[in-house]
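This briefing covers aromatic ring pairs and charges placed over rings. The structure comes first, followed by the points grouped by topic.

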Amino acid sequence: VKRKTDFYIYNLDGFDEYLKIGIAFDHEDRAEKTKGIYKDYELVKTFASREEAFFIEQAMLEETLKFKDCPRLLRKRIFLVGCSGAEEVRKVNFDYLENCFNFFCQELWDKGLWLFGVNYVPMTREEKEMCLKNIDI
């Protein structure tokens with residue numbers, strides 16, 4: 001989808017050690033819909049397409065799986081406001097996420113969207129083959 005999309009990392013109200021990784025067409029609108037759960041952001045980058053933001057998000061989530069942790073109370077609050085995203089909550093410091101983000105952005109720039117996806121985004125063999133077909137040689 002050729003629509004600008006925000007990648008974001010938000011602080012979470014009442015959960016100082018936790019951060020939320022995500023994407024949205026408008027991160028401020030998304031934060032507003034959480035009714036105060038997303039407190040303020042640590043990082044926002046607007047990508048030219050949904051695919052770029054999605055691939056960065058998926059690479060970041062995969063890289064940080066070992067930090068995946070969403071306390072029961074936070075999970076309940078997210079559910080009660082009608083949002084999803086509890087699986088994208090990480091108990092990790094921002095510096096680590098920022099380093100990962102900078103690395104992945106450079107890789108996206110160097111490799112291009114489709115080769116980046118093949119290398120860093122979890123996908124099936126069929127999806128990888130589709131990405132490889134999109135690479136301009």
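Phenylalanine 116 and tyrosine 120 are four residues apart in helix H5 (residues 113-120), so about one helical turn separates them. Helices (H or I, at least four residues) and strands (E, at least two) are DSSP runs numbered from the N terminus. The model is predicted: local features need pLDDT of at least 70 and side-chain atom pairs count only at pLDDT 80 or more, while totals for chains, interfaces and linings use all residues. Residues are numbered from 1 along each chain as its sequence is written, and side-chain values use heavy atoms, with hydrogens and water left out.

**Ring pairs**
- Rings of Phe, Tyr and Trp (its six-membered ring) pair if their centres lie within 6.5 Å; planes under 30 degrees apart count as stacked, over 60 as edge-to-face and the rest as tilted.
- By this rule there are 15 aromatic pairs.
- Tyrosine 8 and tyrosine 38 make a tilted pair, with 5.7 Å centre to centre and 50° between the planes.
- Tyrosine 8 is in strand S1 (residues 5-12) and tyrosine 38 in strand S3 (residues 38-47), so their pair ties together parts 30 residues apart in sequence.
- Phenylalanine 116 and tyrosine 120 also form a tilted pair, at 5.1 Å centre to centre and 40° between the planes.
- Tyr8, Tyr10, Tyr38 and Tyr41 are linked into a cluster by ring pairs.

**Burial**
- Buried means under 20% relative accessible area, exposed over 50%, and partly exposed in between (1.4 Å probe, protein chains only).
- Tyrosine 8 and tyrosine 38 are both buried.
- Phenylalanine 116 counts as buried at 0% relative accessibility, whereas tyrosine 120, at 23%, counts as partly exposed.

**Charges over a ring**
- A charge sits over a ring if NZ of Lys or CZ of Arg is within 6 Å of the ring centre and within 35 degrees of the ring normal.
- The charged end of arginine 3 sits over the ring of phenylalanine 25, 3.7 Å from the ring centre.
- Arginine 50 lies over the face of phenylalanine 25, 4.3 Å from the ring centre.
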